[in-house]
Amino acid sequence: MDIENAISAAIVRSFGNKLLENLFVDVAIVGGGPSALVAARYLSQKGFKVAIFERKLAPGGGTWGGGMLFNEVIVQGDALDILDDFSISHKPVPEAIGYHSLDSVEMASGLIFGALKAGAKIFNSVSVEDIVFKQGRVGGLVINWTPVERLGMHVDPITVLSKCVLDGTGHPSEIMRLAVDKAQIKLDTPTGGIMGEKPMWVDSGEASTVENTKQYYPGLFACGMSANNVMGGYRMGPIFGGMLKSGKKAADLISDFVSGD
Ligand code: 48H
């Protein structure tokens with residue numbers, strides 16, 4: 001076979017196999033931001049089959065841009081074990097004891113690499129446009145190519161089934177929103193709906209991001225800023241310890257859920 005065709009055949013076959021093998025997974029994760037990537041690594045390490053569907057070409061979510069495009073972020077001392085596990089370097093902040101700064105590009109790329117190396121699969125440029133909702137339970141995702149979404153093309157999606165879904169879509173909580181609006185699900189929040197993110201309060205936002213990481217409906221979990229938005233927590237700016245710890249907590253909760261299924 002000519003190399004021109006061999007290249008094409010290898011790509012089509014490998015991608016086809018990858019997608020086929022991930023049409024049914026233990027955990028379908030929406031969004032490839034920092035909290036989701038951490039969850040994906042720890043779930044994969046526990047032996048679960050995990051796929052991330054990320055709308056953008058590059059996973060990593062809000063990590064890359066640091067604070068106002070200054071490509072550095074801050075992480076608290078109690079989340080350094082997670083950075084160390086991903087082999088991401090950091091250094092102490094002289095002005096604030098217990099806080100560390102790190103290169104946001106190293107963090108984004110390190111988290112992506114760490115999730116993949118643990119066995120998670122990442123489908124980038126894929127947007128989740130709906131959930132599968134059967135017999136009162138969230139059972140998967142409805143996906144389409146991002147260019148199809150962006151161009152507004154009338155192209156039907158395909159589905160991925162899963163034992164549970166993790167909403168890691170960040171500030172808009174897109175999957176929880178779909179669940180409330182389309183499936184008329186009552187979430188495990190004070191109103192049953194999405195409480196809405198509050199303004200900036202770093203310490204409170206960091207703590208509540210971890211607290212709010214939980215199962216909101218059978219088979220439907222949220223992590224990171226999505227969880228914070230659902231429960232009405234404060235935002236925190238370019239500090240990421242809460243996102244990392246949220247991902248780790250999500251992995252523990254989901255592991256218990258899927259194991260007991
Ligand atoms: C496929 C989707 C869809 C969809 C969205 O926002 P993220 O970085 O996620 P988190 O919650 O892990 O991290 C939040 C952090 O980056 C942040 O914004 C902070 C700390 N803000 C503080 C502040 O005060 O502002 O990533 C979410 C990802 C993105 O890559 C989206 O493209 C993706 O999810 N996504 N992917 N289908 N429907 N919706």
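This is a predicted model: local features need pLDDT of at least 70, side-chain atom pairs count only at pLDDT 80 or more; totals for chains, interfaces and linings use all residues.
View 1. A backbone N or O atom of Met236 is 3.4 Å from a ligand oxygen, and a polar backbone atom of Pro34 lies 3.4 Å from an oxygen atom of the ligand. Of the 800 Å² of accessible area that the ligand has on its own, the protein covers 92%.

**View 2. The shell around the ligand.** The ligand takes up the space of the largest pocket. It is surrounded by 27 residues, and the closest are Ser35, Glu54, Gly62, Arg235 and Gly237. By type, the shell holds nine nonpolar, 13 polar and five charged residues. At least two shell residues come from each of α2 (34-45), β2 (50-54), β7 (126-134) and α8 (224-231). The element that gives the most is β7, with three residues.

**View 3. Met68 in its loop.** Met68 lies in the loop between β2 and β3 (72-76). Its phi is positive, about 50°, although Met68 is not a glycine. Met68 has a relative accessible area of 70%, so it counts as exposed, the cut-off being over 50%.

**View 4. Gln135 in its loop.** Gln135 is found in the loop between β7 and β8 (137-145). Gln135 is a residue other than glycine, yet its phi is positive, near 50°. Is Gln135 buried or exposed? Its relative accessibility is 82%, so Gln135 counts as exposed.

Key
Residues are numbered from 1 along each chain as its sequence is written. Side-chain values use heavy atoms; hydrogens and water are left out. A residue is near a molecule or strand if one of its heavy atoms lies within 4 Å of it. A polar contact is a pair of N or O atoms within 3.5 Å; within protein, one must be able to donate a hydrogen and the other to accept it, and residues adjacent in sequence count only if both atoms are side-chain atoms. Accessible areas come from the Shrake-Rupley method with a 1.4 Å probe; for residues, only the protein chains shown count as cover. On a 1 Å grid over the protein atoms alone, a cavity is a set of points where a 1.4 Å probe fits but cannot get out, and a pocket is an open set with protein on both sides within 12 Å along at least five of seven lines; lining residues have an atom within 4 Å of a point. A molecule sits in a cavity or pocket if more than half of its atoms lie within 2 Å of its grid points. Helices (H or I, at least four residues) and strands (E, at least two) are DSSP runs, numbered from the N terminus. Ala, Val, Leu, Ile, Met, Phe, Trp, Tyr, Cys and Pro count as nonpolar, Asp, Glu, Lys and Arg as charged, and the others, Gly among them, as polar. Buried means under 20% relative accessible area, exposed over 50%, partly exposed in between (1.4 Å probe, protein chains only).
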